[in-house]
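Hi there,

Here is the structure I promised to pass along. Have a look at it first, and my notes follow below.

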Amino acid sequence: LSKTYPNGVRALVDLDLRVERGEIFGYLGPNGAGKSTTIRLLLDLICPTAGQAAIAGLDTRARDVEARRRVGYLPGDLRLSDRLSGREQLDSLGRLRGGVDHATRDALVERFDCVLDRPIRELSKGNRQKLGVVQAFMHRPEVLILDEPTGGLDPLNQGEFRKLIRETADDGRTVFLSSHSLDEVQHTAVRVGVIRAGRLVDVDSVESLRERSPRHVTIRFGEHVDPAAFEALLGVQVLESDHDVVRLAAPEPAMDGIVKAAARHRVVDLVSEPADLEEIFLALYRDDDGRD
């Protein structure tokens, strides 16, 4: 799937991607990488230059209305009608859907403590975003396409949102979660795709990405220790050495050698922090010059 604009900007280049039914898939990249272009193509809001896309087996151009009927969408630039109340906005969107189950909608409203009876123009960004979440999920769509969905939500509601998308996947429905923040997706997604300058540069499981990223190890000794013993270990990088403290970056397989080298001295404390996925993410899109 590709999109080149009339000004020559190649916003998406030869995207080849399959997301499985019941999967939570994270679609990551910095602002301008091509994430929103991908979503607009999936929703048939813009036409591809080449290639095609399908949602639930339905061609998004030839059977666009049928495909969109199966989708719940939360845009990154959510716009609601300022003159309506939250209740009126949800009612209006429900009618456009041909009706929704009020019990499902009301349960979501209660879950996120939505403000329904004030004009939307008076609501904070967070309260608007909660309405956006409700409208995306209230018709129990087969596929959720969510673009920066937690923007404006407080930590409590972010946690509730994560529970909701896990429940959605457990129900056999699919979540396509687009974000520039790794933290937003790494707690829920099983697989992650990274897009840079309009090209998909990596697709892998979150667990595999974590294994590829170095652990950070801080060891405090009872005396001064020469860091050379750790520098000699394969794959180990000494980040800092300050008298009795040594800080290291190392892949998981090197941990056995680190522990054995440390055991030759009196160890006061050893802390091994989980792999930092952010480092791999940054490395994959460093020097990015793509555009949305």
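**What I found**

Of the 292 residues in the protein chain, 45% are buried. Please keep in mind that this is a predicted model.

To start with the chain as a whole, its secondary structure consists of 11 helices and 14 strands. A box of roughly 70 × 45 × 35 Å, taken along the principal axes, holds the C-alpha atoms. The accessible surface amounts to about 14,800 Å², and carbon and sulfur atoms account for 46% of that. As for contacts between residues at least 6 apart in sequence, 69% link residues at least 24 apart.

I then turned to one pair of helices. Two packed helices are described by the angle between their axes and the distance between the axes. Here the pair is H3, covering residues 86-96, and H5, covering residues 125-137; their axes come within 10 Å and cross at roughly 25°. Because angles under 35 degrees count as roughly parallel, H3 is roughly parallel to H5. The crossing of these two helices is right-handed.

Which residues in H3 and H5 meet? On the H3 side they are Gly86, Leu90 and Leu93, and on the H5 side Leu131, Val134 and Gln135. Sorted by class, the contact of H3 with H5 has 4 nonpolar and 2 polar residues, with no charged residues. Gly counts as polar in this sorting, in case you wondered about Gly86 in H3.

Best wishes

Note on methods:
Residues numbered from 1 in each chain as written. Predicted model: local features only at pLDDT ≥ 70, side-chain atom pairs only at ≥ 80, totals over all residues. Heavy atoms only, no water. Axes fitted to C-alpha atoms, helices over the stretch in contact; angles between N-to-C directions. Helix = DSSP H or I, 4+ residues; strand = E, 2+ residues; numbered from the N terminus. Parallel < 35°, antiparallel > 145°, perpendicular 65-115°, else oblique. Left-handed = near helix turned anticlockwise from the far one by under 90°. Contact = heavy atoms within 4.5 Å. Buried < 20%, exposed > 50% of the residue type's maximum accessible area, 1.4 Å probe, protein only. Areas by Shrake-Rupley, 256 points an atom, 1.4 Å probe, with all protein chains shown as cover.
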